[in-house]
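User: I would like to learn how to read strands, helices and ring pairs in a structure. Can we work through one together?

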Amino acid sequence: MLTAPLVDGYGRIHRDLRISVTDRCNFRCTYCMPVEGMTWLPRSEVLTFEEIERVARVCVERFGVDGIRLTGGEPTVRAHLPALVAKLATLRVADGEGGVRPIDLALTTNGATLRTVAPALVDAGLRRVNVSLDTLQRDRFVELTRRDRLADVLDGIDAALEAGLAPVKVNAVVMRGVNDDEVVDMAAFGRERGVTMRFIEWMPLDADSQWSDRTVVGQDEIVAAIAAVFPLDPIVRGSEPAERFAYRDGRGEVGVIPSVTRPFCSTCDRIRLTADGQLRACLFAVEETDLRELLRSGASDDELAAAVARCVAGKWAGHMIGQVTFVRPRRSMSQIGG
Ligand code: SAM
């Protein structure tokens with residue numbers, strides 16, 4: 001059934017589909033959303049599980065997409081999320097040897113409700129999870145997320161481990177003067193809890209437009225701070241965005257996603273489906289392909305596949321953050337799907 005891989009004009013093959021299941025969130029992280037004034041998508045504009053499954057199936061079966069990550073907004077606030085996981089977990093991708101294999105199905109969440117939902121997600125077929133956590137200090141957590149839920153998130157991380165999700169990765173956006181003094185504490189937290197910390201450079205996708213290049217804490221600074229306390233050795237980088245480092249004492253690894261100081265656009269293999277069914281070839285794309293309209297007007301799988309291929313074919317070389325040609329996308333991270 002595989003027709004051809006999803007290749008863009010720069011020869012990049014796309015195998016990773018990020019699906020936002022909702023634009024709503026139970027947090028209001030300062031670097032992502034405004035305190036109020038978000039306009040939520042009307043329910044009728046949000047893709048149904050059947051529509052999401054159809055797009056996913058076309059991408060997996062026609063184009064060999066083999067990784068799907070559910071995100072948002074906060075994906076766990078979408079009712080019956082395990083039902084969607086169960087549908088996606090049945091997808092099989094060609095293994096190149098005449099057989100098929102399961103796709104890599106993952107979830108990105110703020111973790112606050114994992115204690116309740118992790119077992120059902122695992123039963124439905126979820127295998128791994130990324131939890132976003134930017135501070136270990138309660139006051140700071142309240143300031144950053146505008147919610148007093150640090151204890152729930154920490155408990156959620158334990159719940160994910162107990163439910164058998166593996167690996168559990170914890171993502172922290174590092175911002176100058178906000179939480180850059182906690183990088184070593186968070187690295188220590190990852191080592192102690194047996195979770196992989198990933199530090200993310202802050203990108204200009206905040207709804208309040210507070211980002212500036214002075215507020216970015218770059219990879220070199222993050223790695224130097226950690227290595228001064230816990231010596232590190234680089235791990236050879238694959239196609240994934242994280243630059244990875246092994247702790248020399250053998251206690252796991254840590255990573256940095258250097259989207260700003262070392263963009264990985266030349267090896268980017270991601271496409272994104274927003275909650276309202278718009279396909280984006282880049283997080284920073286200013287153009288979207290309307291798959292919802294196609295889905296709801298009786299388009300065939302061939303027509304859907306052609307629209308996906310066209311969207312990817314038009315992908316630009318890179319996002320240009322920090323250069324005069326950079327254009328901020330109209331939608332913020334929570335609306336696109338992080
Ligand atoms: N609510 C879920 C969560 O908290 O993981 C999923 C959506 S959230 C938008 C996905 C990721 O995007 C989170 O790790 C968040 O920290 C990150 N993020 C949001 N705004 C960002 C920004 N301006 N720069 C870098 N990362 C950002």
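Analyst: Start with one residue pair. In β13, the bridge partner of Glu 243 is Val 256. Keep in mind that this is a predicted model.

User: How many bridges join β12 to β13, and do the strands run parallel or antiparallel?

Analyst: The general idea comes first. Strands of a sheet pair through backbone hydrogen bonds, either parallel or antiparallel. Here, β12 and strand β13 (residues 253-257) run antiparallel, joined by four bridges.

User: In what order do the strands of the open sheet lie?

Analyst: Twelve strands form it, in the order β11-β12-β13-β10-β9-β8-β7-β4-β3-β14-β15-β16. The pairing is mixed. At the edges are β11 and β16 (289-290), each of which pairs on one side only.

User: In which sense do β3 and β4 pair?

Analyst: In the parallel sense, over five bridges. Arg 18 stands opposite Arg 69 in β4.

User: Which residues of β3 lie on each side?

Analyst: In a regular strand the side chains alternate between the two faces of the sheet. In β3, Asp 16, Arg 18 and Ser 20 lie on one side, and Leu 17 and Ile 19 on the other. Both faces are covered. Five of the five residues of β3 are buried.

User: Now a helix. Which strands does helix α6 lie across?

Analyst: Helix α6 (residues 183-193) lies across β9 (168-174), β10 (196-201) and β12. It runs at about 150 degrees to β10.

User: Which residues of α6 are buried?

Analyst: An α-helix has 3.6 residues a turn, so residues three or four places apart point the same way. The buried residues of α6 are Val 183, Met 186, Ala 187, Ala 188, Phe 189, Gly 190 and Arg 191. Their cover includes α5 (150-162), β9, β10, α7 and β12. After α6 comes Gly 194, with a positive phi near 75 degrees.

User: Where does the charged end of Arg 191 sit?

Analyst: Over the ring of Tyr 247, 4.6 Å from its centre. At 4% relative accessibility, Tyr 247 counts as buried.

User: How many aromatic pairs does a search of the whole structure find?

Analyst: Two. A pair of aromatic rings is described by the distance of the centres and the angle of the planes. Phe 27 and Phe 141 form an edge-to-face pair, 5.8 Å centre to centre, with 90 degrees between the planes. This pair links distant parts of the chain, 114 residues apart. Phe 27 is in the loop between β3 (16-20) and α1 (49-63), and Phe 141 is in helix α4 (residues 138-145). Phe 27 and Phe 141 are both buried.

Phe 230 and Tyr 247 also form an edge-to-face pair, 6.0 Å centre to centre, with 85 degrees between the planes. Phe 230 lies in the loop between α7 (219-227) and β11 (232-234), and Tyr 247 in strand β12 (residues 243-247), so the pair ties together parts 17 residues apart in sequence. Phe 230 is buried, at 18% relative accessible area; the cut-off is under 20%.

User: Last one. Is Glu 74 buried or exposed?

Analyst: Glu 74 counts as buried, at 2% relative accessibility. Glu 74 is found in the loop between β4 (67-71) and α2 (81-89). A polar contact of 2.5 Å joins the side chains of Glu 74 and Thr 76. Leaving aside neighbours within four places in sequence, Glu 74 is in contact with Thr 22, Arg 24, Cys 25, Asn 26, Thr 109 and Asn 110.

Notes: Residues numbered from 1 in each chain as written. Predicted model: local features only at pLDDT ≥ 70, side-chain atom pairs only at ≥ 80, totals over all residues. Heavy atoms only, no water. Phe/Tyr/Trp six-rings, centres within 6.5 Å; stacked < 30°, edge-to-face > 60°. Helix = DSSP H or I, 4+ residues; strand = E, 2+ residues; numbered from the N terminus. Buried < 20%, exposed > 50% of the residue type's maximum accessible area, 1.4 Å probe, protein only. Lys NZ or Arg CZ within 6 Å of the ring centre and 35° of its normal. Pairing = 2+ DSSP bridges. Contact = heavy atoms within 4.5 Å. Axes fitted to C-alpha atoms, helices over the stretch in contact; angles between N-to-C directions. Polar contact = N/O pair within 3.5 Å; in protein donor to acceptor, adjacent residues only side chain to side chain.
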